[in-house]
Amino acid sequence: MAIAHEHGGNVFAVARNLGLAPERIIDFSASINPLGMAPGVREALTQSLDRLLHYPDKGATELKQALAGYHGVESAEIAVANGSTELIHLLPRTFAGRKALVVAPAFAEYALALERAGWQIDYFTLSPDVDFALDTAALGERLSAGYDMLFLCNPGNPAGNLLPLQDVTRVIDLCRESGTFLVLDEAFIDFCEEESAKHLVRGNPRAVLLRSMTKFFGIPGLRLGYAIAAADTIAQIVAQQDPWNVNTAAQVAGIASLADQEYCRRTRSYIDRERARLAAALTEIPGLQVFSGRANYVLVRILRQGMSARQLREALLAKGILIRDCGNFQGLDASFFRVAVRLEEEDDLLLRAVAAELG
C-alpha cells in the first residue's frame with residue numbers, strides 16, 4: 001500500500017485555496033499546545049533581537065545545558081535539530097543498514113526518510129480493533145527475521161495510545177537481542193512526561209530517543225527538536241548535521257520554554273481535562289468511535305455508512321474548521337480522522353459542527 005507523505009497543520013495552503021486569512025480557520029489538524037507558547041518566550045525573543053546580527057551558536061551550548069538539566073542527562077547525550085524531522089531524516093543516512101520496520105500507523109516522515117536513504121521498509125501494523133495495543137511477542141518474532149532499524153512512536157501518532165514503560169523496556173530488549181537500532185519517537189510524551197523512556201536509552205549504543213518542542217511548547221514555526229542517546233551515538237549524529245542548523249530565535253525560545261515549570265504543569269492539567277471532555281462528547285455523537293489516548297489529540301472513526309473522513313473534512317472546512325483526514329496512514333482507512341485538543345470554546349464549535357454533519 002502506497003502511503004502519501006502528507007501532514008496536518010498546512011493551514012496556510014488551505015487558507016489560500018479558500019481565499020481566507022489563516023486566522024479565519026480553526027486548525028484541529030495540527031496538534032499544538034492550545035495555550036500557546038510559554039509567557040516568557042515572547043519577551044526572551046524580543047530581548048534577543050540584537051543577537052540576530054551574529055551567526056547562531058553552532059553547538060547550541062546553552063540550549064543543550066538547559067535540556068540536560070530538564071531531563072537529568074548530560075549535554076553530550078543531546079543533539080539539537082531543526083525540528084525532530086531533521087533527525088528522522090538523518091538517522092537512516094548516519095547508521096548502516098538496509099531493512100527497516102515501522103510500527104504503524106505512524107508519522108509519514110519515517111517512510112519518506114527511509115525511502116530517500118534507499119532502505120527497504122516493512123510495517124508492523126497495530127489494529128484499531130484492540131485499541132492499537134502492541135503485541136511485544138509478535139514484534140519480537142518479526143524482528144528476528146532481520147531488521148536493521150525499528151521506528152516506534154510513543155504515544156502513537158495518530159492513535160494517541162501510550163505504551164506502558166514495561167512494554168517499551170521489552171521493545172528495547174528485543175532490539176538489543178536482534179541487533180536492531182531503535183528509533184523511539186517521543187514527540188508527544190511531554191504531555192505525560194513521567195512515561196518517558198529517556199533513562200532507558202542512556203548508554204545504549206543501539207537506540208536513540210527523539211523529542212520535539214513543537215507540540216507541547218507551541219513553537220512549530222521556529223522548528224526545534226532534539227535527540228537523547230548515548231554520547232557516542234550523539235557524536236555520530238552531530239557529525240552529519242549541517243552547520244547552524246538551529247537558529248538563534250529557536251535556541252532562545254527553547255531555553256525560555258524549559259525554564260517555565262508552571263507553564264508545563266498548567267499545560268498538562270488543561271490537556272488532560274479537556275482531552276477527556278472532548279473525547280467523551282465525541283463519543284456521544286451517534287456514528288463515531290473514539291479512541292483513548294494520552295497525547296493532545298483524539299483519533300476518531302466514522303461508523304456511519306456513506307460518510308468518509310475526507311467528506312467530513314470538506315464539510316467542516318466550509319465552516320472554517322480543519323480536521324486531519326487519516327485515511328493515508330498505513331493501517332487506517334477512509335473512516336478515520338484526528339482532531340487536536342484546542343481551547344474549550346473552539347472544541348465546542350467542533351462538536352456542534354460534527355454533530356450537525358452526522359445528525
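**Close-up 1. Helices H2 and H9 pack at an angle of about 145 degrees.** In this predicted model, the axes of H2 and H9 lie 8 Å apart, and the crossing is right-handed. On the H2 side, the residues making the contact are Gly 40, Val 41, Ala 44 and Leu 45. H9 brings Ala 249, Val 252, Ala 253, Ala 256 and Ser 257 to the contact. Sorted by class, that gives 7 nonpolar and 2 polar residues, with no charged ones.

**Close-up 2. Helices H4 and H5 pack at an angle of about 35 degrees.** H4 covers residues 84-94 and H5 residues 108-116, and their axes are 8 Å apart. This crossing is right-handed. From H4, look for Thr 85, Ile 88, His 89 and Pro 92; they meet Glu 109, Tyr 110, Leu 112, Ala 113, Leu 114 and Arg 116 of H5. By class, the H4 contact with H5 has 6 nonpolar, 2 polar and 2 charged residues.

**Close-up 3. Helix H10 runs from residue 261 to residue 283.**

**Close-up 4. The buried residues of H10 pack against helices and strands.** Which residues of H10 are buried? They are Tyr 263, Cys 264, Thr 267, Arg 268, Tyr 270, Ile 271, Glu 274, Arg 275, Leu 278, Ala 279 and Leu 282. The helices they pack against are H2 (39-47), H3 (61-71) and H12 (344-358). The strands are E9 (288-291), E10 (297-302) and E13 (336-340).

**Close-up 5. Gln 241 sits in the loop between helices H8 and H9.** H8 is residues 231-240 and H9 is residues 248-259. Gln 241 has a relative accessible area of 14%, so it counts as buried, the cut-off being under 20%. Leaving out residues up to four places away in sequence, Gln 241 touches Val 80, Ala 81, Glu 86, Leu 87 and Leu 90.

**Close-up 6. Ser 29 sits in the loop between strand E1 and helix H2.** Strand E1 is residues 26-27. At 2% relative accessibility, Ser 29 is buried. The Ser 29 side chain makes a polar contact with the side chain of Asp 27, at 2.5 Å.

Notes:
Residues numbered from 1 in each chain as written. Predicted model: local features only at pLDDT ≥ 70, side-chain atom pairs only at ≥ 80, totals over all residues. Heavy atoms only, no water. Helix = DSSP H or I, 4+ residues; strand = E, 2+ residues; numbered from the N terminus. Expected span 1.5 Å × (residues − 1). Buried < 20%, exposed > 50% of the residue type's maximum accessible area, 1.4 Å probe, protein only. Contact = heavy atoms within 4.5 Å. Axes fitted to C-alpha atoms, helices over the stretch in contact; angles between N-to-C directions. Left-handed = near helix turned anticlockwise from the far one by under 90°. Nonpolar A, V, L, I, M, F, W, Y, C, P; charged D, E, K, R; others polar. Polar contact = N/O pair within 3.5 Å; in protein donor to acceptor, adjacent residues only side chain to side chain.
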